[in-house]
Amino acid sequence: MGHHVIKMPDIGEGIAEVEVIAWKVEVGGQVAEDQIVAEVMTDKAMVEIPSPVAGTVVSLGGKPGEMMAVGSELIRLEVEGAGNLKAGAAEPEPAAAKPAEAKTEPPKVEASKPAPAPEPKPAAAPAKTAAPAPAAKSDTRGAVTNSVLAAGEQPLASPAVRRRAWDLGIELRYVPATGPGGRILHADLDAYAEAGGKAQPVGGGAGGSSYARRTGEEQVPIMGLRRKIAQKMQQSWSNIPHITYVEEIDVTEVEALRAKLNDRWGKTRGKLTLLPLLARAVVLAARDFPQMNARFDDEANIVTRYEGVQLGIATQSAVGLSVPVIAHAESLDLWQTAAEIGRLAAAVREGKATRDELSGSTITISSLGPVGGVVSTPIINHPEVAIVGVNRIIERPMFREGQVVARKLMNLSSSFDHRIVDGMDAAEFVQAIRQRLETPALLFVE
């Protein structure tokens, strides 16, 4: 038998370290060749690490949430044959040879003294580990969870499970866990809800009163994509002096056009939302204001302007906010743009977006959809210099030619890097977008 070490691979893009998100195996478990053993997070995306060999897990290189350097030991396996640790396997031999060469009584005495010491420890260790194991198998699920948390452990769950638990009003610390390593799964939430939440104690009230006093707490580690989002937002807000410009836009005409296009081609080409039309307006306005479609290198003090528009679309998923990129949005028509938005959004929500699809944007649109509020202050996606924020559409009375009429109005809340973009240019850029949306025929004029 030998040992095989899987090192943290070089994932590319000059990344020096990555974050361990989750282990797919545990110490003592069997691993098959090509089996996924860990999920790690780079600055761009989640990456799954497979095992090149089959074997038994001897040790894991870090805990979820820890940063590991590229090239460091990720996982060690016991395998058939010599493994890949020939040099390391030879190291214990000289250490064992030294006592043999000495052949003196003191080393023998020292060797005999430690011998009894390890014996009680292994004897005690099984007693400690054996106690929870039967409990986990034979006790009720609620008893297992409560006993574990009583020891001070925090509930383990993915961001999607945590969010769903929050929506259901369930405190995770009371939910019995059946996932690997004590992780709470969606199925555990379902089982807990179906059981009526009987494992959750209710203080100060009878039964499940909605007025019961709640004293629970939950500590949620900031890790994975959420950590990357936090770091990126901190970098953007700290480095970029933002200027936010808000303009009200009458989208009545463009909404009427969108309805006609969907009636005519919706069944064959797909339904259009407002977003592809807005994307086209941004692409065309950027031609008149090339300083908006740019990236700023803070260290080199160089602004790079681009002819092609790599349009970022801020997309929310269960694990956080990502910005997939529509490559060369200027070359796509409305339906192609809509299809690409849908494809990228699905890839992000399923966790299948690639690093290339999540990098390289030159300007970003941030839309909160129907819950977009009246005004927002979007943070620029560093190192870009502009972001266009979309708020919800509201039908309101408006004066037109002396008459009060109902119109569909929407605010654009857009932020700009004030080091690169002057306030006047920012206002004129938004007005160029407004002009094209309020007169939608201009969307088709080059």
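Here is a quick briefing on the chain as a whole and on its cavities.

This is a predicted model, where local features need pLDDT of at least 70, side-chain atom pairs count only at pLDDT 80 or more, and totals for chains, interfaces and linings use all residues. Residues are numbered from 1 along each chain as its sequence is written, and side-chain values use heavy atoms, with hydrogens and water left out.

**The chain overall**
- You'll find 13 helices and 19 strands here (DSSP runs: H or I of at least four residues for helices, E of at least two for strands, numbered from the N terminus).
- The chain has 446 residues, and 37% of them count as buried (under 20% relative accessible area, 1.4 Å probe, protein chains only).

**The largest cavity**
- The chain has 2 cavities of 30 Å³ or more (a cavity is a set of points on a 1 Å grid over the protein atoms alone where a 1.4 Å probe fits but cannot get out; lining residues have an atom within 4 Å of a point).
- The largest cavity holds about 50 Å³ of space, and its lining includes Glu 248, Gly 373 and Met 410.
- Strand S18 (386–400) and strand S19 (403–417) each bring at least two residues to that lining, with S18 giving the most, 4 residues.

**The second largest cavity**
- About 30 Å³ of space sits in the second largest cavity.
- Helix H11 (residues 274–288) supplies the largest share of its lining, 4 residues.
- Among the residues lining the second largest cavity are Pro 276, Arg 280 and Thr 337.

Conventions:
Buried means under 20% relative accessible area, exposed over 50%, partly exposed in between (1.4 Å probe, protein chains only). On a 1 Å grid over the protein atoms alone, a cavity is a set of points where a 1.4 Å probe fits but cannot get out, and a pocket is an open set with protein on both sides within 12 Å along at least five of seven lines; lining residues have an atom within 4 Å of a point. Grid points are joined across faces, edges and corners, and a volume is the space filled by probe spheres set on the points.
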